[in-house]
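Hello,

Here is the structure I promised to pass on to you. Have a look at it first, and then read on for what turned up in it.

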Amino acid sequence: MATLLAFGAATAALSAERALRAGQAAPDFALRSVGGPNLRLSEQLGEVVVVAFWSSRCGPCRAHLKELDSLHAALKDQGLIVYAVNVDDDMRAAREYAAGLSLKIPLLLDPGKGVARAYRVDTLPMMFSIDRQGIVRGVRRDDRSGAPSNAGAELRRLLAQ
Amino acid sequence: MLRVARVLIPVMLALAAVSSGAQTPPPTDAAVTPPAAAAPMADPAAAPAAEPAAADPAAAAEPAAAAPDTRALDEQIQTLKKDAVDLNRELFMLEEELLFPANTQVALFLSMDVGEYFAIDTVQVKIDNKEVSNYLYTPREAEALLRGGVQRLYLGNLKVGDHELVAIFTGKGPSERDYRRGAALRFKKSVGAKYLELKISDRQRRAQPEFEIKDWE
């Protein structure tokens, strides 16, 4: 039992160490979007950006994406940009899933998972708040505090800077 | 290394000067301010007593004397910023010299002419059958290329000898159709840097885009 607990703690510590942390520079990327142009993160330098990772096979991602869409609608006039990055292998499934949600935020496709690897995504959904200088300021995972609606205050603060 | 030291030392000295200036009052202030006048400023209880002194012309000159100090500090900060930018440039050049020495360096550039028959989406580059670059273009980047921008697509090292470069271009061709074309070049790398250019232009006569790889001799 003790060995198991120690193993669990070690795994958690390793996972926390591997994840991209607040204060680190957000890795740049360029991805195709569903039904839109290719998008590059560095072209949004000077804006507050949320990069959220999702998959069509992830249960909580549906609600997560809808919350992100609402958050974007509320804060887009203040300059908030949201990139929802899909990590499915099957791009058709991702496109169909996205079409069913009729979202306004750009949905990006990362079939090679190069961007997810760069951000060291260890769970889905997972979102990163990036400030105007391109620095990661918040990392939220799929738990109660990780819901996009709870990130509102943090994003407003970043938008006010 | 000497160049970096030449830039680094003045920056560090300026940094030290600025930080010491921020922590302690400049000696000139201490010289012109009599200790008796300085004491009431430090004691909040005595502040009302110091108020009449504001009418004194000598005391009124104090803020005016502080203004040049601020200007001097501002100038120091600007000099420091310029030195930091120069240092960054020197370090960048030094890094490139170290990572990509001239005798092994290979640089690949991409340029576009006109673009009536081709809208660029991606360029994949292979050297000796090994992928060295796979670049996805945003509309803004494509527009920059059409306006005459030249992009450095790849910078790396190659051994002296014969090599093969293959570039695969994808995008929208004539009539907005998906378009995919390749271009290849066999080239000889000798001692000294090698510069190659992927050039996309419109061939008006055939109403088709043209892809070529030029060797900057």
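A residue is called buried here if 20 or more other C-beta atoms lie within 10 Å of its own, with the C-beta atoms placed from the backbone. By that cut-off, buried residues make up 10% of the 217 residues in chain B. Please keep in mind throughout that this is a predicted model.

Let me start with chain A and its sheet. Seven strands form an open sheet in the order β2-β1-β5-β4-β3-β6-β7, and the pairing is mixed. At the edges stand β2 (39-40) and β7 (136-141) of chain A; each has a single partner strand, so one side of each is left without a neighbour in the sheet. Helix α2(A) packs on this sheet, where it touches β3 and β4 of chain A, and its direction makes about 160 degrees with that of β4(A).

Is it enclosed or open to the outside? Seven of the seven residues of β3(A) are buried, so the strand is largely enclosed by the rest of the structure. As a reminder, in a regular strand the side chains alternate between the two faces of the sheet. Both faces of β3(A) are covered: one side carries Val48(A), Val50(A), Ala52(A) and Trp54(A), the other carries Val49(A), Val51(A) and Phe53(A), and all of these are buried.

Now for the partners of β3(A). With β4(A), it pairs in the parallel sense over seven bridges, and with β6(A) it runs antiparallel, joined by five bridges. Phe53(A) is a handy residue for seeing both pairings. Its bridge partner in β4(A) is Val85(A), while in β6(A) Phe53(A) stands opposite Met126(A). Together, β3(A), α2(A) and β4(A) make a right-handed β-α-β unit.

Elsewhere in the sheet, strand β1 (residues 30-33) of chain A runs antiparallel to β5(A), and two bridges join them. On these strands, Ser33(A) stands opposite Leu108(A) of β5(A).

Next, the nonpolar cores. Which residues touch the most other members of the largest core? They are Val51(A), Ala52(A), Ala84(A) and Val85(A), in a core of 38 residues. Several elements of chain A each supply at least two residues of this core, among them α2 (61-75), β4 (80-86), α3 (91-101) and α5 (152-160). The largest share, seven residues, comes from β3(A).

Of the contacts in chain B with a separation of 6 or more, 68% are between residues 24 or more positions apart.

Chain B has an open sheet of four strands in the order β3-β2-β5-β6, with antiparallel pairing. Its edge strands are β3 (130-136) and β6 (178-189) of chain B, each of which pairs on one side only. From one strand to the next, the twist averages 15 degrees. Strand β5 (residues 161-172) of chain B runs antiparallel to β6(B), and 12 bridges join the two. Within this pairing, the bridge partner of Ala167(B) is Ala183(B) in β6(B).

One more residue in chain B is worth a click. Glu197(B) lies in strand β7 (residues 194-203) of chain B. Why does Glu197(B) count as partly exposed? It has 16 other C-beta atoms within 10 Å, and a residue is partly exposed when that count falls between the limits of 12 or fewer for exposed and 20 or more for buried. Not counting residues up to four places away in sequence, Glu197(B) touches Phe109(B), Ser111(B), Lys214(B) and Trp216(B). The C-alpha atoms of Glu197(B) and Ile213(B) are separated by 5.5 Å, with the two residues 16 apart along the chain.

Finally, where the chains meet, six residues of chain A are in contact with five residues of chain B. On the chain A side, three of these residues are nonpolar, one is polar and two are charged.

Best wishes

Technical notes
Residues numbered from 1 in each chain as written. Chains lettered and ligands numbered in written order. Predicted model: local features only at pLDDT ≥ 70, side-chain atom pairs only at ≥ 80, totals over all residues. Contact = placed C-beta atoms within 7 Å. Nonpolar A, V, L, I, M, F, W, Y, C, P; charged D, E, K, R; others polar. Core = buried A, V, L, I, M, F, W, Y, C linked by C-beta atoms within 7 Å. Pairing = 2+ DSSP bridges. Axes fitted to C-alpha atoms, helices over the stretch in contact; angles between N-to-C directions. Right-handed = clockwise from strand over helix to strand, strands pointing away.
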